[in-house]
Amino acid sequence: MKGIVFTEFLDLVEDKFGLEMVDKIISQSKLESKGYYTAVGTYSFSEMLQLLQNLSLNTKISIDNLLLVFAEHFFSVLVRDYPSVIASYKDPIEMISSVESHIHVEVKKIYPNAELPTFTVVEKCNDYLSMIYKSGRAMHYFGLGLMKKTFEHFNTTAKIDFQKIKDDGTEVKFIIQKIT
Amino acid sequence: MREEIEVLQRALERERFARKSAEKILEEKSRNLFTISRELKLTNLHLQQLLDEKSSVLEGIFENINDAYLVIDLQGNILKMNDIAENLFGYNLNEEQLNFTDLIYESDKEYTKNSFITLKEKGSLSNYTIRIVTKSNKIKWIQINASLLFDRNKKPKEAQGIVRDITAIKELELQKEKILHQLEKSNEELKEYAHIVSHDLKSPLRSINALISWIKHDNLDKFDENSLKNFELIEDTLSTMDNLISDILEYSSADADSSNQTKVDLNHLVLELKKVLYIPNHIAINIKNKLPNLVGDKIKFQQLFQNLISNSVKFIDKEKGIIDIDVQDKNTYYQFSVADNGIGIEEKYHKKIFKIFQTLNKNKESTGIGLSIVKKIVNLYQGDIWLESYPQKGTKFIFTLKK
């Protein structure tokens, strides 16, 4: 997993729960990196999983909700670091539906080894989109957070539902209805 | 308080190690980038050299090619042309703009439009021939071979063409056609003329013949033997002249006429001829090998064998005359021969005898046209004729006919 996800995650934890929480979850986890994260590095996904689990244990907030909040924060990182990609879209449904065909293509150019989830569009019209998320990491809440922020970014609102196709969350169908 | 300090110390330690690891990663990356950029520079240099080389080769072809070469955009505007093209069209691109369609001769414009569509669809065009008008208002025939040039996205961008000036060839072709037409016409006239002349010549001849025989009969008791002999000579001469005229007519009509092509059984044809022709009793005609079937004009085959057989009959001086007719299959053609044991022909005359009106013998039956008819017919069937002959021993005519 890219280092920026770890550094942004820990920044957010520090911001919301204080430096002690950061220290706590790092020392509670068995980290190969010892928690020495840098945005330009690459680290094992299991480290993120441990950090999330320990944060959940310590704060009594579910991992899903933690992921949701983290994703909302992470969207602002993307806006900050890749404004041109975001600016090339005029409409949230357009942007979300082209995650696979455009955004991930660009990601692969910079990080050829990145392991990305797949988003397959099932149905799409002006104010409706359904797509299937697939990833062994079962981080669909992270996706949900990014989607919510996307609508916010374009000053629109939407009702976003999802149905787990697989119970472990590795395959999830998103149903997005734009509210006009 | 102490705990807080420890937390901060650990945070500081993480930051420090993170910074060091970031520095290490970045250093490695920049080293990689440096290596890659060095490789790219080398590759670029190599590509540049290759490009220069190819460009100079192309430039050389462009300037040294013997045909006109030009590049046009898809609207027909000429973007580039070599010296030969400039000379051909009479225009200089440095001085004026030029659209290829403006050069085209008015009545060829429609055809050009279609050809341009073909070029766009198929990507190339070969041997497309049109007329153009040069700057000095000269009309020239040109032949174009063209192909499309594509951009990086494989979209047609321009077209290049090699233009050959074929005005001279085209003029010769037209001239040839004209001459051929004239020749046909004059041949036709000649044939008609021969018909008229022979007809016109024959009727006074018949009148003379009639008058002579009346005079002879009316004065049989008054003329002496010498005069009667002279009358006989006059009659013979008239008959020779009549034959002569008939033969000329025959010769003039011995031309190719494709309308009478049938399969002809030559064996049967010769056997029939034997019955029809006057063959003295002391002469035997033998067919050595069965003659084949050939596609052609029956009348002409008849004329061919009739003339050769009569010729042999005419010149047999032996007590027992022999005429041998034979054939050999030579794959693409047949080789025939007609051999006799007659008086023979000296070698110095072997060529001459095929020419019209050439007769070696002042024989009253010989008009000197027969063999020239034979030669004409043989040539008509893409064959050849020659002879082997020894004086006193005999003559063998050999000829070929294409299958």
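In chain A, four strands form an open antiparallel sheet in the order 1-2-4-3. Strands here are DSSP E runs of at least two residues, helices are H or I runs of at least four, and both are numbered from the N terminus. Two strands pair if DSSP finds at least two bridges between them. Strand 1 (118–125) and strand 3 (157–164) of chain A each have a single partner strand and stand at the edges, so one side of each lacks a neighbour in the sheet. On average, neighbouring strands are turned by 20° against each other, direction ignored.

This is a predicted model: local features need pLDDT of at least 70, side-chain atom pairs count only at pLDDT 80 or more, and totals for chains, interfaces and linings use all residues. Residues are numbered from 1 along each chain as its sequence is written, while chains are lettered from A and ligands numbered from 1 in the order in which they are written.

Strand 3 of chain A is joined to strand 4 of chain A by eight bridges, and the two run antiparallel. One bridge pairs A:K159 with A:Q177 of strand 4. Helix 8 of chain A packs on the sheet and touches strand 2, strand 3 and strand 4 of chain A. The direction of helix 8 makes about 165° with that of strand 3 of chain A. Axes are lines fitted to C-alpha atoms, for helices over the stretch in contact, and angles between N-to-C directions run from 0 to 180 degrees.

| Element of chain A | Residues |
|---|---|
| Strand 2 | residues 128–134 |
| Strand 4 | residues 171–179 |
| Helix 8 | residues 140–153 |

The largest nonpolar core has 37 residues. A nonpolar core is a set of buried Ala, Val, Leu, Ile, Met, Phe, Trp, Tyr and Cys residues joined through C-beta atoms within 7 Å. Buried means 20 or more other C-beta atoms within 10 Å of a residue's own, exposed 12 or fewer, and partly exposed in between, with C-beta atoms placed from the backbone. Residues with the most contacts inside this core include A:F9, A:L10 and A:F174. Helix 8 of chain A gives the largest share, five residues. Domain 1 (3–61) and domain 2 (90–179) of chain A both contribute, so the core lies between them. These bounds come from an automatic or database domain assignment.

Beyond its neighbours within four places in sequence, A:L10 is in contact (C-beta atoms, placed from the backbone, within 7 Å) with A:V22 and A:Y37. A second, separate core of 30 residues includes B:I353 and B:L401.

Terms used
Two residues are in contact if their C-beta atoms, placed from the backbone, lie within 7 Å.
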